[in-house]
Amino acid sequence: MRSGFVFERCIQRKRSMKRTKIKELLNCKEEQESVLVKGWVRTRRDSKGGFSFLEINDGSCLGNIQAIVDHSLNEFQELDKQITTGSCVAITGKLVASEGKGQKMEVQATALEVYGTADAETYPLQKKRHSFEYLREIAHLRPRTNTFGAVMRVRSRLAYAIHQFFNDRGFVYLNTPIVTTSDCEGAGEMFQVTTLDLNNPPKVEGKIDYAQDFFGEKTSLTVSGQLEGEIYAQALSDIYTFGPTFRAENSNTSRHLSEFWMVEPEMAFYDLDDDMDLAEEFIKYLFADVLENCTEDMEFFNQRIDKSTLETLQHIVDNQFERLTYADAIHRLEKSTETFTYSVEWGCALQAEHERYLSEKVFKKPIIVYNYPEKIKSFYMKLNEDGETVRAMDVLIPKLGEIIGGSQREENYDILLKRLKDSGLSPEEYWWYLDLRRFGSAPHSGFGLGFERLVQFVTGMENIRDVIPFPRTPKHARF
Ligand code: ATP
Ligand code: MN
């Protein structure tokens, strides 16, 4: 039975021709007697001479392949009306060098099939350009535009490069939980996870009885995998996480998502300088990688989205990041003649406007600000000898502001306990985190990179909602 089945499949394979992706066809050096191309029609143009010119795209690359259909072709009479912008087709034909300008290879159709039609009256992606706002409303169709195809290919390449970077350096890829009980570092407001009946939750003494909830206690979606990452760094030395992260903040900005992906390396025996070195090397590596491996898409962004994209990325790859202390940053902001919405003084958190001003206007390149006041940073960051600042660092880049936040972690049990309490957190809940400082505590550091901010910067896209397939933002979780 089984072998017969396999045999039959072999025969079928032989009969049907293998489809070739458009990227491969466009890069073909030689003409081919017969190829099979499958994809979506971007445009159709008919000539008086009895030919139709179809631009076909299958997402394998930015470029379309042109297919020329002779109107005397048998199937054409029957399928003519079905071949419209947006329809999905399969075309068999001869691959020939194109005579037209800008095309390397084209297909002269010998057979034609329509998989799916797209009514010209109602298909939303007609030829004209659409606004990104409009495209957000049709998240199921926007990947068929040049921009979104390019963004997603670059995003995918960046994810690959991230894994490659860490793998090459002996880091272990670690998956930390998405459902957590700890309010982590208080990094942001959390989304609660519950199966309790919200209309009638069980109560004891007037309070919700989480003992009856699914996990037997209150749980939320993670805001960071860092604390769990630290556990593994203190066993495997170098780890990184790369996963979804959730923040229920009501920040309706072009740089914030409620669900985003974060990359968090955590390294034993790294001090803050080592941490900053790694962050800088990491960013440069990723930028260099896309410049080398996504040339066509990057050219597209440079032409259509932001004319300075390529130059900016190359400049960053070639130059050292500026490193300055928080105190120095405040000093420069106080001295500046720029008017800010938020005034600055030592002790205040830097706002996006300050971060951008420093990197964009003052240094004109990425900067790393370090040694922040202890009061405005998380409890786990290592206290400096001055007792006032912690070994925290933020990488700030032009146009975007913060792309990376990191620190050396406090490895001293007593200091950590005090800072935990001072932050209003309960030591009982963080018993395991404290335990790491009781048993073989190691100096260690790490940072978090917002993956969408990275994609946003690399592509030059203005809004973070346009660099993730399905953005989740306040009042918006469907499509
Ligand atoms: P910001 O001040 O810009 O809101 P943050 O200081 O709250 O960021 P961290 O807690 O340090 O952010 O998180 C680490 C990284 O994750 C940030 O440097 C940023 O790149 C990214 N990030 C943080 N919040 C978001 C968000 N809501 N959407 C997308 N990326 C985010
Ligand atoms: Mn931060």
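Let me begin with the conventions. Residues are numbered from 1 along each chain as its sequence is written, while chains are lettered from A and ligands numbered from 1 in the order in which they are written. This is a predicted model, in which local features need pLDDT of at least 70, side-chain atom pairs count only at pLDDT 80 or more, and totals for chains, interfaces and linings use all residues; side-chain values use heavy atoms, with hydrogens and water left out.

Which residues are closest to ligand 1? They are Arg-247, His-256, Glu-402, Ile-403 and Arg-453, from a shell of 14 residues; a residue belongs to the surroundings if one of its heavy atoms lies within 4 Å of the molecule. By class, the shell holds 6 nonpolar, 4 polar and 4 charged residues. Here Ala, Val, Leu, Ile, Met, Phe, Trp, Tyr, Cys and Pro count as nonpolar, Asp, Glu, Lys and Arg as charged, and the others, Gly among them, as polar.

Strands S13 (259-268), S17 (401-408) and S18 (444-450) each supply at least two shell residues, and the largest share, 4 residues, comes from S17. Strands are DSSP runs of E, at least two residues, numbered from the N terminus.

A polar side-chain atom of His-256 lies 2.6 Å from an oxygen atom of ligand 1. Backbone N or O atoms also take part: that of Ile-403 lies at 2.8 Å, and that of Gly-450 at 3.1 Å. Taken alone, ligand 1 exposes 580 Å², of which the protein buries 83%; the areas come from the Shrake-Rupley method with a 1.4 Å probe.

Next, the backbone. Glu-205, in the loop between strand S9 (203-204) and strand S10 (207-208), has a positive phi of about 50° although it is not a glycine. Glu-205 is exposed, at 84% relative accessible area. Lys-399, in the loop between strand S16 (389-397) and S17, has a positive phi near 75°. Lys-399 is partly exposed, at 34%. Buried means under 20%, exposed over 50%, and partly exposed in between, with a 1.4 Å probe and protein chains only.

Finally, the domains. An automatic or database assignment gives domain 1 (19-116) and domain 2 (143-170 + 270-466). Their centres, taken over C-alpha atoms, are 46 Å apart. Across the two, 8 residues of domain 1 contact 8 residues of domain 2, with contact meaning heavy atoms within 4.5 Å.

Key:
A polar contact is a pair of N or O atoms within 3.5 Å; within protein, one must be able to donate a hydrogen and the other to accept it, and residues adjacent in sequence count only if both atoms are side-chain atoms.
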